[in-house]
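Student: I have a structure open and want to talk it through. Can you take my questions in whatever order they come?
Tutor: Go ahead.

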Amino acid sequence: MIDIKNVHKAFGDNKVLQGVDMKIAKGESMVIIGGSGTGKSVLLKCVLGLETQDAGRIIVYGEEADKGDRDAFLARFGMLFQSAALFDSLSVWQNVAFRLMRGPNKLSKADAQEIAIEKLRRVGLKPEVGLKYPAELSGGMQKRVGLARAIAAEPEIIFFDEPTTGLDPIMSGVINELIREIVVEMGATAMTITHDMSSVRAIADKVAMLHDGVVQWTGPVGNLETSGNPYLDQFLNGRAEGPIEAVR
Amino acid sequence: MSMVSGFLASIGAAVLAFCATVGRIFIFAASAVSHMLRPPFYGRELLAQVMQIGFYSLPVVGLTALFTGAALALQIYSGGARFSAESVVPSIVAIGMVRELGPVLGGLMVAGRVSSSIAAELGTMRVTEQIDALVTLSTNPMKYLVAPRILAATLAMPVLVAVGDTIGIMGGYLVGTGRLGFNSSGYIKNTVDFLEVGDVTSGLAKAAVFGFIIALMGCYHGYNSGRGAQGVGRATINAVVSASVMILAANYVLTEAFF
């Protein structure tokens, strides 16, 4: 379970998070939606410790996120970055096997490569792709490799940051399906950030709408259309008029 | 009065900003050094960086040293002729190259090549979230990216400068024997006789410090790069400029120390 309690974060005068509360149950897939610059990525980075919250608490499986053994804490996580964030200097299989070849439980090169190839296959890529470098791959393939890397060490929690950004609708659908399948198959807790409503419907068990630094609405994905929340309605229908100020 | 106070305030703000930057660089350097001393060690990364920083800089440093040594021989001959002291050419070329020009010019050339490359690489990794990705993969970027680069530069620069010094002396020798009429064995004897161990060690110590500065500036500016292409570009410029200025400043301090 991930428990986010009254988290605040500001960058100078810009108060990005102003008291975010959220609970994600074990094995649940939570999708966070909201306009650009509403702090979705910042919230995710706070959970991972890439940013430190100014106030509030983040508790992951009973442990404070900013205390204790960082390596052990981060070993529970896998993350797919918006730009895939693959390491240019390493081949695809080395990217996927990066965590497997490091740390106290590191595997031999052969074993790590075997697992990497298996994970690549799981995300629909042929073993030959493993020998290529990230720059040789299309955007969709890079996302798949990023996904393979995120699940390589079989983490308990997986974060997805804008998983379909920059992809065509068909490839977006493929990535959404893969994410859903993998999360269910692994029984992992998932937290996804997206603007893409098709992703929301494909991936989410629950949805949280972030705006003005707080969660404006949260509930099951089935209740999205009937929420009656003016922020959510405006976001879902893409209207310029409403409580969310649209800059023209 | 308000203009004066505004002027003073702007000077104060600049001084404070400078002090803050120096403090950040010091903390960054201390953190990098502490990661060099604590496991895990990334030997493969270190080796790759030694190749990248040391071996691949050899042509640049070698050519710089060759032409500098050759020009130095001509200049010293020209100056020495005014006092009928043309015979000092071999010894002054050797001492000048080993104590001063080898480390400083080598350092500046490597700063241009390596500092910019490190800053651009780490800056791009920062912008494309690769550094964040390292953290989520339980790998400390200071240990995996920064420490091997700084250690590699610190170890590689003295070797690079030693080779550069030799090539520079060779440049002087070629001009001395080919153009200025020196006898080959006499030139070499003069070079060896006047060169002391302290000359060599002080030059190599300078080179190690310059290597540390070059990689530190590249890593610091790249690691803290701003967003987008502009941020990476600025990081690259700042890395080269600050490394070059710091090399010249450190050169004076070290020369005083070895004087």
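Student: What pattern does chain B follow, read along the sequence?
Tutor: Along its sequence, chain B reads α-α-α-α-α-α-α-α-α. That is nine helices and zero strands, where helices (H or I, at least four residues) and strands (E, at least two) are DSSP runs numbered from the N terminus. Before going on: this is a predicted model, in which local features need pLDDT of at least 70 and side-chain atom pairs count only at pLDDT 80 or more, while totals for chains, interfaces and linings use all residues. Residues are numbered from 1 along each chain as its sequence is written, and chains are lettered from A and ligands numbered from 1 in the order in which they are written.

Student: What box do the C-alpha atoms of chain B fill?
Tutor: Roughly 65 × 60 × 30 Å, taken along the principal axes.

Student: And how much of chain B is buried?
Tutor: Of its 259 residues, 45% count as buried. Buried means 20 or more other C-beta atoms within 10 Å of the residue's own, with C-beta atoms placed from the backbone.

Student: Which residues touch the most other members of the largest nonpolar core?
Tutor: B:Ile150, B:Ala153, B:Ile213, B:Ile214 and B:Cys219, out of 136 residues in that core. A nonpolar core here is a set of buried Ala, Val, Leu, Ile, Met, Phe, Trp, Tyr and Cys residues joined through C-beta atoms within 7 Å. Helix 4 (residues 89-127) of chain B gives the most to this core, 16 residues.

Student: What is B:Ile214 in contact with?
Tutor: Leaving aside neighbours within four places in sequence, the contacts of B:Ile214 include B:Gly107, B:Val110, B:Ala153 and B:Ala243. Contact means that the C-beta atoms, placed from the backbone, lie within 7 Å.

Student: Switching to chain A. What order do the strands of the open sheet take?
Tutor: The order is 6-7-8-3-9-10, six strands with mixed pairing; two strands pair if DSSP finds at least two bridges between them.

Student: Why is one side of strand 6 and of strand 10 left without a neighbour in the sheet?
Tutor: Strand 6 and strand 10 (214-220) of chain A stand at the edges and each has a single partner strand, so one side of each has no neighbour in the sheet. For strand 6 of chain A, the partner is strand 7 (residues 157-161) of chain A, joined by four bridges and running parallel. A:Phe77 stands opposite A:Ile157 in strand 7 of chain A.

Student: Which helix packs on the sheet?
Tutor: Helix 1 (residues 40-48) of chain A, which touches strand 3 (29-33), strand 6, strand 7, strand 8 and strand 9 (206-211) of chain A. Its direction makes about 145° with that of strand 8 of chain A. Axes are lines fitted to C-alpha atoms, for helices over the stretch in contact, and angles run from 0 to 180 degrees between N-to-C directions.

Student: Is A:Asp196 buried or exposed?
Tutor: A:Asp196 is buried, because 21 other C-beta atoms lie within 10 Å. A:Asp196 sits in the loop between strand 8 (189-193) and helix 7 (197-203) of chain A. Not counting residues up to four places away in sequence, A:Asp196 touches A:Thr164 and A:Ser172.

Student: How many residues of chain A are in contact with chain B?
Tutor: 15 residues of chain A, against 10 residues of chain B. Helix 2 (70-74) and strand 6 (77-80) of chain A each supply at least two residues of that side of chain A.

Terms used:
A residue is buried if 20 or more other C-beta atoms lie within 10 Å of its own, exposed if 12 or fewer, and partly exposed in between; C-beta atoms are placed from the backbone. Two residues are in contact if their C-beta atoms, placed from the backbone, lie within 7 Å.
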